[in-house]
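Student: I would like to learn how to read a model like this one, feature by feature. Please give me the general idea each time, and then the case at hand.

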Amino acid sequence: MKKVYKAHILYTKERNRFEVLENGYIAVDSDGCVKGVAADLASLVADASKRRTSPASDASERRELDPDDTEIIDLGDRLLIPAMNDLHVHAPQYRNQGIAMDLELLPWLQNYTFPEEMKYADTEYAERMYRRFVRDLWRFGTMRSCVFATIHTESTRILMRLFREAGMGALVGKVGMNRNCPEGLSESVKQMVQGYESLIAEFKEQDGLVRPIITPRFIPSCTPEMLHACGELAARYQLPVQSHLSENKDEIAQVQRLEPESTCYGDAYDRYGLFGQTPTVMAHCVFTEGEELELIKRHGVMVAHCPTSNLNVTTGIAPIRQFLDEGLRVGFGSDISGGHDLSIFQIMVYAIQMSKLHYQRNHARAFLTLSEAFWMATKSAGSFFGQVGSFEPGYEFDALVIDDRDLNHDNYSLLERLERFIYIGDDRQIEKRFCRGKEIGAPKL
Ligand code: GUN
Ligand code: FE
C-alpha cells in the first residue's frame, strides 16, 4: 500500500535554500522510500509516471492512481520535515548529562566519564539507562544515530536490540579501549575482536537499520595492536568506523607522543585503515587544518560537528564554514555528555551561534545560515546512513510531523514557522515520527 501525505513540506535539497511546498504532497511506497513530492496531487502522479524506467511498468503506473492501493493522509496545517540524524553520541554517558561541566576534556574523561561507563558491566543497569536514552532520542525526533556504547559486549547488544525493537536506525559501536584508562574499562584485543564478531553475527543484514560500527575510542585509549585489529575488522566485515579527532590540544600532543611516526592525528588513524577505507565519521575536528583537512577531503571522511560539547569542555570553535567551502562532508553530533542537549534542533542553533562568534573574530568567512544548518542535520548527515535526509524521490522516508499551534504561528510564513520551531520549540511540537516509511511509536521504558 502506497501512502500519500499532504502537509506543508519543507526540506533542503541544496544547502543554500529550503524547498517549501505549501499544502504539498509526498508519496511513500511500501518499501519506505519517497516516490514523488509535488505541490499538488495531479503533478505528483505525473511526476511519478515520468520517472518510470521499465516499459513493463504501465500497469504499475495505473496502480499509482489506484485508490484501493493508495491511502491519502491529510496532515492539515502541520509541517512535514526530514527527521534528525545524530552523528556522534555516547549512550552510556546519558546519566551524566548536565553534570561535571567544570573540567576540560582529559580530566573530565578520567574523573567522570570513565567511572560512569564502568557501570555498564552490569547489564541490568545498562538496560534501564539505555531504554531512557533510546526513548529520548525518539522524543527529539532523531531517527538515525552513530552511537558509542562501552567495551561491554552484552550491554552493547542490549542497546542494539532496543534500537531494533524501536524501529529506529543506529550504527552502534562497542568501544575499543586498552590503555590510559581504568582497569575495569580495558579489554584485551582478543576479547574486543570476539565481542565484535558476536555482535556482527546477530546484526549482519547489510540493509538493516541497526548495525555495528567499529569504534576505537580515540588514539590515546588504544594500543597499536588494538588499532590494527579495529582496522582489520572494518575491512573484513566492511563495517563503518567512528572515533574522535583533533578535539583538544592536550589530546593532540598526546597522540603525537604515542604515534610519533604520524604526520597528523588523522594520519595516525589512516595508518591503521581507520580513515575512510570504509565509511568513516570523526567527531570534532576543532583543530583540523592543512594536511589533515586534505586527508579528510580525499578520503570522504564525515565530520561530526559537536558545538555544545566544544563549548562545555572548552575545546574551541571548529572551522565549519571552511569545511563546507572546501567540500567536506559535515553533520552534527550531540556528543552527550560532553554536550548537554540531545535535541539536534538545539544543536543547529548552537552551531549557528558559534559560527557567529567565529565570524566576529574573523570576517574572512560568513557565518552559517539556517538552511545550511538544516541541510547539515538532514541531507548531509543522513548520507552516512544511505539515501536519508531529504524528500527527493528514492530517499528513505524519515520524517517528522510538527504541530506548532502552541508557538503562535498566525501570520508567520512557513519558513518562519520552521525557524521558530527550531529556535524555541521542543519535543512537545513533534507529533509523529517516521523512519524508513514506518511511523515509530514511543519506545517502551
Ligand atoms: N574523546 C575520547 N572519549 C571521549 C568522550 O567520551 N567524549 C568526548 N567529547 N571526547 C572524547
Ligand atoms: Fe564524543
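Student: Where is the place of N23, and what is the value of its phi?

Tutor: N23 belongs to strand β2, where strands (E, at least two residues) and helices (H or I, at least four residues) are DSSP runs, numbered from the N terminus. Although N23 is not a glycine, its phi is positive, at about 45°. With a relative accessibility of 32%, N23 counts as partly exposed, which is the class between buried (under 20% relative accessible area) and exposed (over 50%), using a 1.4 Å probe and protein chains only. Please keep in mind that this is a predicted model, in which local features need pLDDT of at least 70 and side-chain atom pairs count only at pLDDT 80 or more, while totals for chains, interfaces and linings use all residues. Residues are numbered from 1 along each chain as its sequence is written, chains are lettered from A and ligands numbered from 1 in the order in which they are written, and side-chain values use heavy atoms, leaving out hydrogens and water.

Student: Which strands does β2 pair with, and in which sense?

Tutor: Two strands are said to pair if DSSP finds at least two bridges between them. Strand β2 (residues 17-28) runs antiparallel to strand β1 (residues 2-14), and nine bridges join them; one pair of bridge partners is A7 with G24 of β2. The link from β1 to β2 is a hairpin of two residues. Strand β2 is also joined by four bridges to strand β3 (residues 34-38), again antiparallel, and here A27 stands opposite G36 of β3. The hairpin of β2 and β3 has five residues between the strands, and in that hairpin G32 takes a positive phi near 90°.

Student: What is the order of the strands in the open sheet?

Tutor: As a general idea, the side chains of a regular strand alternate between the two faces of the sheet. The open sheet here has seven strands with mixed pairing, in the order β3-β2-β1-β4-β15-β16-β17. Strands β3 and β17 (438-439) stand at the edges with a single partner strand each, so one side of each has no neighbour in the sheet. Within this order, strand β4 (residues 70-82) pairs with strand β15 (residues 399-402) in the antiparallel sense over four bridges, with P82 opposite A399 of β15.

Student: Is β12 enclosed or open to the outside, and which strands pair with β12?

Tutor: Five of the five residues of β12 are buried, so this strand is largely enclosed by the rest of the structure. Strand β11 (residues 241-245) pairs with β12 in the parallel sense over five bridges, and V241 stands opposite T280. Strand β13 (residues 302-305) is also parallel to β12, with three bridges between them, and M282 has V303 as its bridge partner in β13.

Student: What surrounds T280?

Tutor: T280, in strand β12 (residues 280-284), counts as buried at 1% relative accessibility. Leaving aside residues up to four places away in sequence, T280 touches V241, L274, F275, V301, M302 and F384, where contact means heavy atoms within 4.5 Å. A polar atom of the T280 side chain also lies 2.6 Å from the backbone oxygen of T278.

Student: How do helices α13 and α15 pack?

Tutor: Two packed helices are described by the angle between their axes and the distance between the axes. Helix α13 (residues 344-361) meets helix α15 (residues 414-424) at an angle of about 95°, with the axes 7 Å apart, and that makes α13 roughly perpendicular to α15, a label for angles of 65 to 115 degrees. On α13 the contact is made by F345, Q346, M348, V349 and I352, and on α15 by F421, I422 and Y423. Helix α15 also holds R417, which is buried at a relative accessible area of 5% and touches residues including H8, D77 and D404.

Student: Where is the cis peptide bond?

Tutor: The bond from I336 to S337 is cis, with omega near 5°, and S337 is found in the loop between β14 (329-332) and α13.

Note on methods: Axes are lines fitted to C-alpha atoms, for helices over the stretch in contact, and angles run from 0 to 180 degrees between N-to-C directions. Angles under 35 degrees count as roughly parallel, over 145 as roughly antiparallel, 65 to 115 as roughly perpendicular and the rest as oblique. A polar contact is a pair of N or O atoms within 3.5 Å; within protein, one must be able to donate a hydrogen and the other to accept it, and residues adjacent in sequence count only if both atoms are side-chain atoms.
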